[in-house]
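Here is a short report for a reader new to this structure. Look at the chain first, then read on.

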Amino acid sequence: MAAENDLSRNDLSGFIVDKGIEVEEENDEEITEISLAPDLEAEEARKAELSEQARKIEEEIVTLKQALDRKEKQLAEIKHLLGITAWSQLRDGFNHQYQNLQGTQMYQKTSDTFKDLNDKIVHSQAYNKLSSGASTTKTVLSDAGSRTASAARNAGSVTAKKLGEIRGSSYFQSWKVELCLLLQVLSLRCLEAQTRVI
């Protein structure tokens, strides 16, 4: 154990061993004190240098952000002058993506499958029966629609005629006059209230 301690003392004698603690040499005659003050000063100088670098980089980032903002504004103005809007860009992007999709093999296979299915349905006996029934239904609905439109026009003309009669009545005329007077009184009171507040 003593030999081990001697060995470790020998190994550490050439290095800065500790922070201000005395280190004994092999011969125990000489005691030296080691200070870390130069190391602390170097570390502080390094920290100051790094802080300065960080500050400069932050300034560069702010400058670059400002430059980017200016460029984005210039681009927006140019697009505005060209008539390019966000909506047109979105529409163009969708069109471009749709064209890319149409060119894929999967889209072509799916499209062909749906075309074949459509052909089979259109040429089937059940479709033809439904189609003839649908044309009959279409005729009936068209006839019912024209009758309904005619009835609505007649009802509209009758209603308009009746409203005209009501407007011409003496009761409506007197009610109209009373309503106009009431509105004038209310507007005068509002004006009076506003002049009091001012």
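Buried means under 20% relative accessible area, exposed means over 50%, and partly exposed lies in between, with a 1.4 Å probe and protein chains only. By that scale, Asp92 is partly exposed, because its relative accessibility is 43%.

This is a predicted model: local features need pLDDT of at least 70, side-chain atom pairs count only at pLDDT 80 or more, and totals for chains, interfaces and linings use all residues. Residues are numbered from 1 along each chain as its sequence is written, and side-chain values use heavy atoms, with hydrogens and water left out.

## Overall layout

The chain holds 6 helices and 2 strands. Helices (H or I, at least four residues) and strands (E, at least two) are DSSP runs, numbered from the N terminus. In sequence order the pattern reads α-β-β-α-α-α-α-α.

How much of the chain is buried? Of its 198 residues, 3% are buried. The chain exposes about 17,900 Å². Carbon and sulfur atoms supply 60% of that area. Accessible areas come from the Shrake-Rupley method with a 1.4 Å probe, and for residues only the protein chains shown count as cover.

## Salt bridges

A salt bridge is a side-chain nitrogen of Lys or Arg within 4 Å of a carboxyl oxygen of Asp or Glu. The whole structure has 5 of them.

| Pair | N to O distance |
|---|---|
| Glu43 and Lys47 | 3.8 Å |
| Glu59 and Arg55 | 2.4 Å |
| Asp92 and Arg91 | 3.8 Å |

Start with helix 2, residues 37-82. Glu43 and Lys47 are about one helical turn apart, because they sit 4 residues apart in this helix. Glu43 is partly exposed, at 41% relative accessibility. Lys47 is partly exposed too, at 45%.

Glu59 and Arg55 also lie in helix 2. They are 4 residues apart, so about one helical turn separates them. Glu59 has 42% relative accessibility and counts as partly exposed. Arg55 is partly exposed at 35%.

What of the partner of Asp92? Its salt bridge is with Arg91. Arg91 is partly exposed, with 42% relative accessibility.

## A buried serine

Is Ser88 buried or exposed? Ser88 is buried, because its relative accessible area is 11%. This serine lies in helix 3, residues 86-102. A polar atom of the Ser88 side chain lies 2.8 Å from the backbone oxygen of Thr85. A polar contact is a pair of N or O atoms within 3.5 Å; within protein, one must be able to donate a hydrogen and the other to accept it, and residues adjacent in sequence count only if both atoms are side-chain atoms.

## A nonpolar surface patch

Which residues form the nonpolar patch on the surface? They are Tyr171, Trp175, Leu179, Leu182, Leu183 and Leu186. Together they have about 650 Å² of accessible area. Patches are made of residues with over 30% relative accessible area and no salt bridge; like charges are joined within 9 Å, and nonpolar side chains (Val, Leu, Ile, Met, Phe, Trp, Tyr) within 5 Å. Leu183 has its place in helix 6, residues 170-197.

## Cysteines

How many disulfides does a search of the whole structure find? The search finds 0. A disulfide is a pair of cysteine sulfur atoms within 2.5 Å. Cys180 is partly exposed, at 40% relative accessibility. Cys190 is partly exposed, at 48%.
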